[in-house]
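Have the structure open and try each task before reading its solution.

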Amino acid sequence: MVEAEVSLGWDDSVSSGMTLDTVRDSLIRQEDTIIFSLIERAKFPLNSPTYNQSWVPGFSGSLVEFIVKQTENLQAKVGRYENPEEHPFFPDDLPDTVVPHFEYPKVLHPASASININKDIWDMYFNQLLPLFVAAGDDGNYASTAASDLQCLQALSKRIHYGKFVAEVKFRDAPQDYEPAIRTKDKEGLMKLLTFEKVEEMVKKRVEKKAMVFGQEVTLGNTDTNVKCKVDPSVVSRLYGDWMIPLTKDVEVEYLLRRLD
Ligand SMILES: C=C(O[C@@H]1C=C(C(=O)O)C=C[C@H]1O)C(=O)O
């Protein structure tokens with residue numbers, strides 16, 4: 001299976017133009033998308049009926065499940081999941097694309113297609129993250145709430161699965177360091193090799209600052225030094241420290257384990 005796909009065009013000697021710097025630039029830009037999506041979701045209170053009631057006749061799941069499934073169905077038809085940067089939350093039974101196939105550069109090892117940790121991302125988002133940054137309450141805006149959740153989920157999923165690209169460029173930069181740990185399936189060794197603590201500290205500080213800048217009320221009068229942010233910056237920093245970075249690194253390890261298949 002993997003061999004057949006390799007013969008369809010994956011060639012790891014071809015330069016993708018990707019470097020650790022360009023990959024990190026993409027992660028930095030994705031921070032903006034993530035923080036804005038959280039700010040948008042924070043406009044609404046928790047709105048728990050979005051998650052714990054079935055509303056749609058003939059569909060037994062929650063409203064958010066319905067919206068995510070239906071949207072993914074539509075987006076699959078127009079090719080969203082042909083892009084190796086995108087991963088569906090409900091990958092079963094997605095329709096084929098109806099639009100012409102776009103040739104994305106084959107940067108990743110074909111085995112990477114089997115890595116999708118969206119189940120964990122879904123659980124983390126709804127059970128741990130959401131209650132930390134939205135107010136309690138119910139304003140009835142369930143459909144808009146679910147649409148905002150989808151934006152957040154897609155942004156978080158893209159960032160975390162971007163670990164595949166991070167791992168690929170790290171491997172290409174130093175195959176001699178990674179190969180022994182891959183061959184012995186040494187997850188801990190791989191984790192050590194790919195970890196840059198200083199970079200992680202910078203990421204956490206930067207997203208905290210961005211949340212402060214993006215989420216403040218902009219007024220034309222004197223700048224109020226006591227700004228109240230739309231999303232608590234320390235929650236954003238915690239989101240990265242406790243979940244985004246560890247999950248991205250899990251994806252990196254999973255990718256590397258398959259890198260020599
Ligand atoms: C993504 C990278 O790999 C690891 C994960 C990081 C992250 O998720 O932000 C940051 C540094 C590394 O420990 C990277 O090196 O940039």
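**Exercise 1.** How far from an oxygen atom of the ligand does a polar side-chain atom of Arg-159 lie?

*Solution.* Ground rules: this is a predicted model, with pLDDT of at least 70 needed for local features and 80 or more for side-chain atom pairs, while totals for chains, interfaces and linings use all residues. Numbering runs from 1 along each chain as its sequence is written, and side-chain values use heavy atoms, leaving out hydrogens and water.

Step 1: for Arg-159, the distance is 2.8 Å.

Step 2: On its own the ligand exposes 350 Å², and the protein buries 99% of that (Shrake-Rupley method, 1.4 Å probe).

Step 3: sort the shell around the ligand by class, and you get seven nonpolar, two polar and six charged residues. H11 gives the largest share of that shell, with four residues.

**Exercise 2.** Which residues line the largest cavity?

*Solution.* Step 1: a cavity is a set of points on a 1 Å grid over the protein atoms alone where a 1.4 Å probe fits but cannot get out, and lining residues have an atom within 4 Å of a point.

Step 1: list the lining: Glu-72, Arg-80, Tyr-81, Glu-85, Glu-86, His-87, Phe-89, Gln-154, Ser-157 and Lys-158.

Technical notes
Polar contact = N/O pair within 3.5 Å; in protein donor to acceptor, adjacent residues only side chain to side chain. Helix = DSSP H or I, 4+ residues; strand = E, 2+ residues; numbered from the N terminus. Nonpolar A, V, L, I, M, F, W, Y, C, P; charged D, E, K, R; others polar. 1 Å grid on protein atoms, 1.4 Å probe; cavity = no way out; pocket = protein on both sides within 12 Å on 5 of 7 lines; lining within 4 Å.
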